[in-house]
Amino acid sequence: APNRVILRRIILPATLPYIMAGVRLALGRAVVAMVIAEFFTSISGLGAIIQTSANNFDTATTFVPIIIIMLMAVSLNFLVGAIERWVAPWQAEIAGRDQQ
């Protein structure tokens with residue numbers, strides 16, 4: 001078989017679970033990095049709201065952006081899982097995450 005066929009039918013499907021695991025890990029680190037960057041810039045955004053309300057000892061206002069960030073991270077993780085099930089349906093079956 002030509003190299004292109006081997007790449008498309010053997011190598012890429014074998015590496016997709018590892019690629020998707022890397023995307024999941026990178027997504028979590030990206031959300032954390034986004035919040036830390038907003039803490040340092042502290043001009044606007046969810047990090048600025050957290051920092052301002054924490055400095056004012058306003059606990060209720062501090063937790064609202066934290067919950068928003070948590071919901072965003074969970075929804076992005078769900079989106080990556082849906083993409084993984086679409087791109088590599090055999091992986092969910094192997095890992096025991098199938099929906100049936």
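Let me begin with a term: a residue is called buried under 20% relative accessible area, exposed over 50%, and partly exposed in between, with a 1.4 Å probe and protein chains only. By that criterion, 19% of the 100 residues of the protein chain are buried.

The model is a predicted one, in which local features need pLDDT of at least 70 and side-chain atom pairs pLDDT 80 or more, while totals for chains, interfaces and linings use all residues. Residues are numbered from 1 along each chain as its sequence is written, and side-chain values use heavy atoms, leaving out hydrogens and water.

Turning to the fold, the protein chain has 4 helices and 0 strands, where helices are DSSP runs of H or I with at least four residues and strands are runs of E with at least two, numbered from the N terminus. In sequence order the pattern is α-α-α-α. The radius of gyration, taken over C-alpha atoms, is 19 Å, well over the 13 Å that the globule rule gives for 100 residues, so the protein chain is more spread out than a compact globule. That rule is 2.2 Å times the number of residues to the power 0.38. Along the principal axes, the C-alpha atoms fill a box of roughly 65 × 30 × 15 Å.

Finally, one residue in detail. S53 lies in helix 2, residues 46–55, and is buried, with a relative accessible area of 5%. Its side chain reaches the backbone oxygen of I49 at 2.7 Å. Setting aside neighbours within four places in sequence, S53 is in contact (heavy atoms within 4.5 Å) with D58, T61 and T62.

Definitions and conventions:
Polar contact = N/O pair within 3.5 Å; in protein donor to acceptor, adjacent residues only side chain to side chain.
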